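Work through the exercises below with the model open. Try each task before you read its solution.

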Amino acid sequence: MFNICLVGYGYWGEKLARNFESSEYFNILSIVDKKKFSLDLAKKKYTKITVYKNYKIAIKDPLVDIVVISSPTSTHFAIAKYALQNHKHILVEKPLSLSLKEVKKLNKIAKFNNKSIFVDYPFLFSGTINYIKKTIENKKYGKILEIESFREKAPLRKDANVIWDLCTHDVSILTYLLNSTPHKIQTIKKKNLKNYPIDTVYVNLKYKNNINVLIKNSWISPIKIRLLKIKFEKAILFCDENESMYKIKVYKKKYKKNTNNYILEIPEIDLTEPLSKIVEYISNSINNKKNKLFSNNFNGKVTYLLEKINKNND
């Protein structure tokens, strides 16, 4: 069993704590948060834990095996670096860091101390995205022609803009599905609110094989939208993460020449909570000393593209 130190017990930290506590492979040893209210909640729910306001004291505990970081984005690098320097594995809520330079530093420390870096890109562990990945690899519906993704409505934040928040989901998914980097990037960024960073972004990415990708991310919306649309030669696939049961719908072309006649198919999807899959993956990775998903510089590729999008001039 591996001992966990959780840094950050907010909205997402609570979800991470629940999933690690539910696993037979992990034990929550300590929880860190700057807010007394959050620590009181954590202690009430997990009575055997030790709570801290200072992450450095908690991480120094020799009993800690892995540090789970669910703190504000701007703090990820410093906490992750300290944990790796103290010979701990780390799981970091997306994004890993706000620059490729920092990601490279973390990779270097992890390699030197023989520790693993895991990043909580939740959709990579979802039944929907893994179904789509198999569909692409099997060329079930032919080549990909176009991809559209829409993510709207999320809490406003000041420590990172919407690109490092919502767009991280899209970039991690695209990197996972296409296993390539776009050769052309175009963006339109909007800052609609005072005292907040960029809250809306439109991104157009051009990949090899003439694949065109359109992304829209916005914190500001009356309704929550999480829609991925992939146009294949023989079908159009809709993935709606807001759906409770039928998250994927595939519209197969009925006739080759008539593009307005489709047959609807609803495939069976694994609806297991992605966070529980992440927990299982981490346990297997540490035990087997293999981190397949995050090998081949996956985190570097994601951060590289996010940085390019963030710096791209409209």
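**Exercise 1: the parallel sheet**

In β3, Val51 is the bridge partner of Ile31. The model is predicted: local features need pLDDT of at least 70, side-chain atom pairs count only at pLDDT 80 or more, and totals for chains, interfaces and linings use all residues. Residues are numbered from 1 along each chain as its sequence is written, and side-chain values use heavy atoms, with hydrogens and water left out.

Task: find the strand order of the open sheet of 6 strands, and state which are its edge strands.

Solution. 
- Step 1. Strands (E, at least two residues) and helices (H or I, at least four) are DSSP runs, numbered from the N terminus. Two strands pair if DSSP finds at least two bridges between them.
- Step 2. Start from the pair above. Strand β2 (residues 26-32) runs parallel to β3, and 3 bridges join them.
- Step 3. Extend to the whole sheet. The order is β3-β2-β1-β4-β5-β6, with parallel pairing.
- Step 4. Name the edges. β3 (50-52) and β6 (117-120) each pair on one side only.
- Step 5. Axes are lines fitted to C-alpha atoms, for helices over the stretch in contact, and angles run from 0 to 180 degrees between N-to-C directions.
- Step 6. Contact means heavy atoms within 4.5 Å.

**Exercise 2: the mixed sheet**

Task: give the order of the open sheet of 8 strands, then check its pairings.

Solution. 
- Step 1. The order is β8-β9-β10-β7-β11-β12-β13-β14, and the pairing is mixed.
- Step 2. At the edges, β8 (184-190) and β14 (262-265) each pair on one side only.
- Step 3. The twist averages 10° from one strand to the next.
- Step 4. Look at the helices. Helix α7 (residues 162-178) packs on the sheet and touches β7 (144-152), β8, β9 (200-207), β10 (211-218) and β11 (225-232). Its direction makes about 155° with that of β10. Helix α9 (residues 298-311) also packs there, touching β8 and β9, at about 55° to the direction of β8.
- Step 5. Check β7 on both sides. With β10 it pairs in the parallel sense over 7 bridges; there, Glu152 has Ser218 as its bridge partner. With β11, β7 pairs in the antiparallel sense over 8 bridges, and Phe150 stands opposite Leu227.
- Step 6. Follow β13. 5 bridges join it to β12, antiparallel. Cys239 stands opposite Ile248, and Leu237 opposite Val250. β13 and β14 pair in the antiparallel sense over 4 bridges, where Lys252 has Ile263 as bridge partner.

**Exercise 3: a loop residue**

Task: is Tyr246 buried, partly exposed or exposed?

Solution. 
- Step 1. Locate Tyr246: it lies in the loop between β12 (235-240) and β13 (248-253).
- Step 2. Apply the cut-offs. Buried means under 20% relative accessible area, exposed over 50%, partly exposed in between (1.4 Å probe, protein chains only).
- Step 3. Tyr246 counts as partly exposed because its relative accessibility is 49%.
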